[in-house]
Amino acid sequence: MAAESGDKWILTVTAQTPTNIAVIKYWGKRHEELILPINDSISVTLDPDHLCTTTSVAVSPAFTHDRMWLNGKEVSLSGGRFQNCLRELRSRASDVEDEKKGIKITKKDWEKLHLHVVSFNNFPTAAGLASSAAGLACLVFSLANLMNVKEDHSKLSAIARQGSGSACRSLFGGFAKWIMGKENGSDSIAVQLADEKHWDDLVIIIAVVSSRQKETSSTSGMRDTVETSMLLQHRAKEVVPKRIKQMEEAIEKRDFPSFARLACADSNQFHAVCLDTLPPIFYMNDTSHKIISCVEKWNRHEGTPQVAYTFDAGPNAVLISHNRKTAALLLQRLLFLFPPQPDTDLDSYVIGDKTILKDAGIHEMKDVEALSPPPELKENAPSRNKGDVSYFICTRPGRGPVVLTDESRSLINSETGLPK
């Protein structure tokens, strides 16, 4: 082992990676093991201050095997997806030298050295908020930095893709496109369409309808859809290629009405494809449908889209407003329809960018109680649905992954190599 200070040393890297939400959906693989999609997809990256994965990775000659802890619990790294990522990264590792600590690792050493990985999501795992995308992207990004892998983000995205398809898009901020590529997968990569500053008027509110783990995982759901849905084949061949071009144009021109119509239509078609699966898959629930109805009525009342909605494989709504003023009006509507339970603290019911609450004129719980039905609902005012939404997250488009250089933010104890 080429290290100048015995076998007690531990080298660590900590990184933070955002999650992303697809506005043109990925659903269905043409190759299960390599995770190659049947169509291109486009996503918006969410601000990592509000939704992200933080991962610390460590290497030491004292480690006896690869280990991983997720949200405080040790999980197995033996799965094929983790192993694919680790194999690809180890094969691309370069020499690493830390003169301050007297550590020298050669390219060949990486084949023998073992790793510890500690990862934490600041949002619910496996509830349809793309936690696996952020998690796998962060694993690949942090290990690439630890191992001195000299590849650009698009090349790294091809590795992250083999862990979780949508992870490839989390290696970029702003808007990203996952290109389906041709046969062997080397060209199935993500690219950035625009950075987070390109369209920084957008405000995103997520209604967390349920933070429970979903009944049908995305992996098994996709497999069933590919095998049984005729609608999916039509979607991949005829519908998505046109929508991808239209969505790229809408993002480039910051054309919100076109962006909103495409995002809503694609979300609805994705869930239609899930219903067309045998057996049918139900990711949305009654609360999801009420949120769609609220947005559709408002958009129709105004004569032009105010808000876009999109739902991934879960009941949680991602609502995209074209500016802060509209986001404040949206939050008023959401809090009118879905007020918190009486014993809930407003501070924990609306999290993330709380300035949107102030813009909406809501400072305390009595302001929520005093909300009137919005104009489009006055004639047929619906009942208020207390407790149907767990909480709301106010956020915006955000940056891509970063290395955290402040060692105090590491999740790994630098002396033991175990979680802090």
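Modeller: Two strands count as paired if DSSP finds at least two bridges between them. This is a predicted model. Strand β17 (residues 350-352) is joined to β18 by 3 bridges, and the two run parallel.

Biologist: Which residue of β18 is the bridge partner of Gly 352?

Modeller: The bridge partner of Gly 352 in β18 is Cys 394.

Biologist: And how does β14 run relative to β18, parallel or antiparallel?

Modeller: Strand β14 (residues 203-208) and β18 run antiparallel, with 5 bridges joining them. Among the pairs, Ala 207 has Phe 392 of β18 as its bridge partner.

Biologist: How many residues of β18 are buried?

Modeller: In β18 (residues 391-395), 5 of the 5 residues are buried, so the strand is largely enclosed by the rest of the structure.

Biologist: Which residues lie on each side of β18?

Modeller: In a regular strand, side chains alternate between the two faces of the sheet. In β18, Tyr 391, Ile 393 and Thr 395 are on one side, while Phe 392 and Cys 394 are on the other; both faces are covered.

Biologist: Changing topic, how many disulfides are there?

Modeller: The count is 0 disulfides, where a disulfide requires two cysteine sulfur atoms within 2.5 Å. Cys 394 is in no disulfide, as the nearest cysteine sulfur, that of Cys 294, is 14 Å away. Cys 394 has 0% relative accessibility, so this residue counts as buried.

Conventions. Residues are numbered from 1 along each chain as its sequence is written. This is a predicted model: local features need pLDDT of at least 70, side-chain atom pairs count only at pLDDT 80 or more; totals for chains, interfaces and linings use all residues. Side-chain values use heavy atoms; hydrogens and water are left out. Buried means under 20% relative accessible area, exposed over 50%, partly exposed in between (1.4 Å probe, protein chains only). Helices (H or I, at least four residues) and strands (E, at least two) are DSSP runs, numbered from the N terminus.
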